Every structure is written in structure tokens, then in C-alpha cells.
Amino acid sequence: MDAPILQIKSLEVAVDGRTILKGVDLEVPQGEIHALMGPNGSGKSTLAYALAGHPRYEITGGSVIFDGQDLLDMAIDERAKAGFFLAMQYPVEVPGVSVLNFLRTSLIALHGEELSPREFMKLFQEKSKLLEFDASFTDRYLNEGFSGGEKKRHEILQMAMIEPRFAVLDETDSGLDVDALKVVSNGVNSLRGPNFGALIITHYTRILQHITPDVVHVMFEGKVVRTGGPELADELEAGGYAQYGSPEPAVAPSA
Amino acid sequence: MANAPAWAAELRQTATANLDRLPVLTGEEEDWRFTPPSDLGLAGVAPADGTAVAVDLAATAGPRAATLAFTDGTPSVPHGADLPAGVIVAELGQALIDHEDLVRSRLYSLIGFDDRPGALNAATWEAGTFIYIPRGVTLALPTETLLSATGARGRVSARTLIIVEAGAKATIIDRYRSGNLADPVAVSTATEIIVAEGGELEHLSLIEWGAGVRHHARITASAGKDARVRSVVVTLGGDVVRVEATHIAAGSGSDSRALGLFFADDHQHFEHRVVARHEAPQSYSNLLYKGALKDQSHTVFFGNLVVPPGAPGTDAYQTNRNLVLNEGARADTIPFLEIETAEVKCSHAGAVGRVDDEHLFYLRSRGIPEETAKRLIVIGFLQEVLAHVELEEVRRDLEHAVARKLA
Ligand SMILES: Nc1ncnc2c1ncn2[C@@H]1O[C@H](COP(=O)(O)OP(=O)(O)OP(=O)(O)O)[C@@H](O)[C@H]1O
Ligand SMILES: [Mg+2]
């Protein structure tokens, strides 16, 4: 087993003074893909945002070591430069900022000025093709008027272009149709290898059939309460979180 | 205006008499409570003549049908390439003599001299622009007037009259520029725009003064039946600038769009008072002003939709949004409605906000440093207006000017 890319110890996080994460321990060795499951409101997105450095999420205890560095000490953009990526559950719309301008600014920030406009366009076209991302979106403003599925696909397009060392995918699968799910999974699998790790937050095993996780974690009321192999996901989908005290099982998607 | 004809001299005498008769503005007046008239040179003595600072005229202008330039109120010879037959681009003082038939009935028709600032302009303007596009003629390239100040003259007054006849079409740019002046200058401009039935006009006012300039600008545009008027007001420069832009829907089926963009920094003070007045039924107006502010700047937006009795079917919108980049800068927005006709569709909205933390987080999470992210967000915010500037070179210039303010 490689050294962990992500090592979370006793992490406590509060939002507006209310403690949401109550001591999370979680470790992902580099090159592995882990799944994080758990009922609504258990704190999965809170963990994702806290790792990305969202200012609303206040770290009240614990530590996060990312690739040997103290992640919590870094500014938001420094975390991205260190190789951390978050595909968001609800990507925001940013008016007036075009997709292309945004992507180019991001890549230049991450890789320096040596990326020529021509190389950039080549990369963009290649990855758009991989993710079947409509080229006509490039002049549109960031996420503005994108459908739910298009937003998710756009998150993964960014990930494919940035090629982070580690990505957290927060419910990227929710709201995707069957075909889109395959395309997005291909995008993730294309990065899979010894230099890419991921934590896939999901409610369903559907995406995990395309991207087989090495390990599955269960979050419940702000803690990781169980860690197991891929079979744990099936068990959760069948039995829900009742054994951890949850009143109702997770529901299968209607789509 | 050396050899004004008798009729014009008479009007000027009346304006001068009004100026002596009308009470001095104190700043207590409801219309004037945000921008002290004395700061604009509208009350008290005008700034004294001073030392000239050269104007940087390096505007990256694209091709123009005609250009006019004024420095401290003195015109240089108008330049016009092959203008279509009947098109006139002339100095206004000269046009009083050469084109009395066209000018006399329209000059002062939209901006009179019954109030003090109006009287001041009418009594003091020295030179100006007259543009006439005859019936059915399309002027493919824009015309551009550059009004500049050096500080050598403490007061600069200019006037513009634009007439777009029925079915005619033109794009007209008024640019205002100076260097950073050592001595203050008070500028007064009055721009009357008349677009007749089915005419189309795009009018741009680009206010790019350096430090030291105070500018009171009045722009009134009247749109005839089925006419389309689009005005873009961009205010970036000057110490104190007050723009009063009035759009009159004079004919039914007319379509007026008022776009505005301002970005104030340092101690700049900008006030925009934008009015859409619907005097005819079934007319449309849409007003969108967006402003950004930083440092210790202050901006005021006052918008008014006026629908007097007898204008059913009015369709009018008004929006002002402001983005305040730091504590210490202040934006006021006052949307107003005066509706006296039933069966109208009107809406107005004003908002003052800060850079959205979620937007900032999203961009930064992709490795974009905070300052760059803010710049993208501000330019993105103003993009809604910039995107409507059809002349590409002007749009690019404006994007750069905005980016410079953010640097
Ligand atoms: N920005 C916020 N403001 C207020 N409360 C928040 C915020 N973020 C999270 N919370 C609260 O923290 C708890 C955990 O929310 P979180 O979004 O992390 O859950 P989740 O596990 O991602 O749920 P889901 O499966 O529904 O996405 C919830 O009770 C939620 O209301
Ligand atoms: Mg969530």
C-alpha cells in the first residue's frame, strides 16, 4: 500500500456555530478510489467543502494531511494547486464569466503561463469529446442555464482537464441519466491510475458499478462509522442505514 | 460661437437672462441632494483657467464615417470620408448658420433653458456637434466626437444635436477625455437626440476623464413611431460626474434601450439619473445600469419610469445593480415609478451587493487566485452590459479600461 494521499484525523467541523463533523477519521492511499455513503444530512458534503476550504466551514479540531502537507493550512486556491479537486454537488452559476475564459484562467493558474492558447484548445477539445460536452457551451456563462446533468458533466470536464492528484466527487451521479452516468464514469476511469485517487460521495451503487471502489466508508451523524470492501455498498443499498440508527433506508433513484 | 445668427443670439440672451433670474442651486433641492451642484460648477464660481495638461488621445478607434474633436471647447476641423448624400456632420455653431432650416426648430427642443443647469449650458456653450442623417439613409460606420479638456479653461460647455430622420440608421459615439489635470475643470454638455419614425440609432457616451474634471451631462433622446434608440452610457473617469439621461417614447411602437456601465474608484462620485418617459401608447423601454465601486467612491443611481395618462400598452423595465468591492465605497440606488395609465407592464429593481462568496469559492477551488477571481467576477458582472456594445473595438477598450481599474 502506497502512502496515503489523504489522511483525515479526528476532523471536527462547525457551520454557523453548529458542529456537523464530530471527529472524522478517513484515509485514502494514493491510487485508490473510495466511496463515501451515508444518509442525508450525515455530513458528507460538509466534509467535501471543509477539505476544499470553503470559508463557511469552520475547522474546530483534527487534522488533514494531503500528500504530506497540512491541507487545512492552505488557501483555497493553494489546495487546488496541491492537486486537490472537488466536483461539487451544486455547482454555482457565475454570471458573465464564460466557460472557456474560466477554464483557461484556471489552467494557467495551475500550470503556469507555458500553456499556449493552441495547446489549451487542443486539450479542451479532446476532453470535451471524451465527456461528450457540447462545444457550443464554451461561450456560455459558467453553469448559467445548464441543466442539472450538464453541470455535473461540466464538473468532470474540469477535472479531466485539470488532472488533479485527488478528487472528491460529491454526488456527481445524482441527476445523471444512464448514458451520462457512463460518460462521466469513463471520464473518472480515464484518470484512474497510481497518480490519481478519489473519494466518491454517493447514495447509490449505480455509479459504483462503473467505477469499482477499492474501499467503501459509511458516514453517520458526522462520523465515519464503518469501512469495508465494495460489497458494503450493496449491503447499504439493500438494508439502508437502519443498523446505525437511521429511521429510513436510502431510496433508489426513480430515474 | 462667434457669428451666431440673430435668432440664436436671441435665444442665448434669454438663456443668459434666465441664468441671472433663476435661484442658485443650493443642494437642498430634492433632485440635487446627492451631488452638490457646486461640485459640478453649477453654483458658485466656475473653476479658474489653469495650466494645460496634454490629453492622451491614443484612443484605439476603429474606422469612422466622420470625426470631430474639441479641445477646451475649441473645435478642430471635422473629418469626414465620403459621407452618403445629405448626411451632415458639422460643428454646431457653424450649423446654426449653414443649416438653420434643420437646426432652428430642434435646438433646445428637448433640453431647454428653463432650469439653471439648462440655462447655464445654453448661455455658455461654445461649440458642439451637429449630426443629420436624412430619411432612409444608413450610415454604415459610426461617427465619433471627442471632447477633451486640458485644464487651460476652467469651464467647458458643449452641445450636441443629433437628428436621425425617418427610416435612417446610424451609430454615434461621444467620447470625453482628458489627462489627470492639475487644475479643476467644470464641463457642461447637453445632447439632444431626435429619432424620427422607424429610425434606428445607437448612441454611445464614453466618459473617460482624468482626475480634476467635473462633468454635468444631459442626454435626452426622443424616439418617434416604431423608432429604435439604444443608448450606452459608460462612466469611468472624472472626479464628479452627473449624467441625466432621459428617454422619451414619443411615438407608439418605439423601442428604447438604455444601457449603463460605471466603475468608480478612489474618491470618484458618479450620479446617474435615468428616466424613461412614455408619452405614446404601445411603446417599450428597457433600462439596465450596472455599476462597480471600490476604494472610497460613491455612486448614485436614480431611475424613473414615467407613464403619463394616455399611454396604455406601455412595456417598461428598469434595473440597476451595483457591486461594491470594499468597505468604504457606497452605492445608492433609488428606483422610482410615476404611472398614471392603467394597462401597463412596468417593473423596476435596484440592488447593491458584494462579491458573492460562493462565486469566489468556486473559482478559487479551481486554482484561481483571489484577486484574479474577483476580477473575473467583476468583469462578468459588467458583461451583461458590455455584451450589448456592438462595436467590437469599443467593447475591447472598455474591457481593458475596467480591467485597469481592477489592477
Ligand atoms: N452551509 C450550511 N448552512 C447551514 N447548515 C448546513 C450547511 N452545510 C451543511 N449544513 C448542515 O449540516 C448537516 C450536514 O449537511 P451535509 O450537506 O454535509 O449532508 P450530506 O451528508 O451531504 O447530505 P446529502 O446526502 O443530503 O447531500 C445538515 O444538517 C445541514 O443542514
Ligand atoms: Mg451532500
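How many salt bridges are counted between chain A and chain B? The count is 2 salt bridges, a salt bridge being a side-chain nitrogen of Lys or Arg within 4 Å of a carboxyl oxygen of Asp or Glu. This is a predicted model, in which local features need pLDDT of at least 70 and side-chain atom pairs count only at pLDDT 80 or more, while totals for chains, interfaces and linings use all residues. Residues are numbered from 1 along each chain as its sequence is written, chains are lettered from A in the order in which they are written, and side-chain values use heavy atoms, with hydrogens and water left out.

**Where the chains meet**

The contact (heavy atoms within 4.5 Å) takes 34 residues from chain A and 19 residues from chain B. The size of an interface is often given as the accessible area lost when the parts come together. Between chain A and chain B the buried area is about 2,000 Å², with carbon and sulfur atoms giving 68% of it; this area is what two parts lose on being put together, found with a 1.4 Å probe and summed over both.

Across the interface of chain A and chain B there are 11 residue pairs in polar contact, with both residues at pLDDT 80 or more. A polar contact is a pair of N or O atoms within 3.5 Å, where within protein one must be able to donate a hydrogen and the other to accept it, and residues adjacent in sequence count only if both atoms are side-chain atoms. On the side of chain A that touches chain B, helix H3(A) gives the most, with 6 residues. Helices are DSSP runs (H or I) of at least four residues and strands are runs (E) of at least two, numbered from the N terminus.

**Salt bridges**

Side chains of opposite charge can pair when their charged atoms come close. Over all chains the count comes to 37 salt bridges, and the table gives some of them.

| Residue | Partner | N to O distance |
|---|---|---|
| Arg366(B) | Glu155(A) | 2.6 Å |
| Asp77(A) | Arg364(B) | 2.7 Å |
| Glu30(B) | Arg33(B) | 3.0 Å |
| Arg106(B) | Glu165(B) | 3.1 Å |

Both Arg106(B) and Glu165(B) are buried, where buried means under 20% relative accessible area, exposed over 50% and partly exposed in between (1.4 Å probe, protein chains only). Asp77(A) and Arg364(B) are likewise both buried. Glu30(B), by contrast, is exposed because its relative accessible area is 55%, and Arg33(B) counts as partly exposed because its relative accessibility is 49%.

Glu91(B), in strand E4 (residues 88-91) of chain B, is buried yet has no salt bridge, and the nearest side chain of opposite charge, Arg12(B), is 9.1 Å away. Here Lys and Arg count as positive and Asp and Glu as negative, whereas His and the chain ends are not counted. A polar atom of the Glu91(B) side chain does lie 3.0 Å from the backbone nitrogen of Gln94(B), and the Glu91(B) side chain also reaches the backbone nitrogen of Gly128(B) at 2.9 Å. Leaving aside neighbours within four places in sequence, Glu91(B) is in contact with residues including Leu68(B), Phe70(B) and Ala127(B).

Asp70(A) belongs to strand E5 (residues 69-70) of chain A and is partly exposed, because its relative accessible area is 38%. The side chain of Asp70(A) has a polar atom 3.1 Å from the backbone nitrogen of Leu72(A), and, not counting residues up to four places away in sequence, Asp70(A) touches Val64(A) and Ile65(A).
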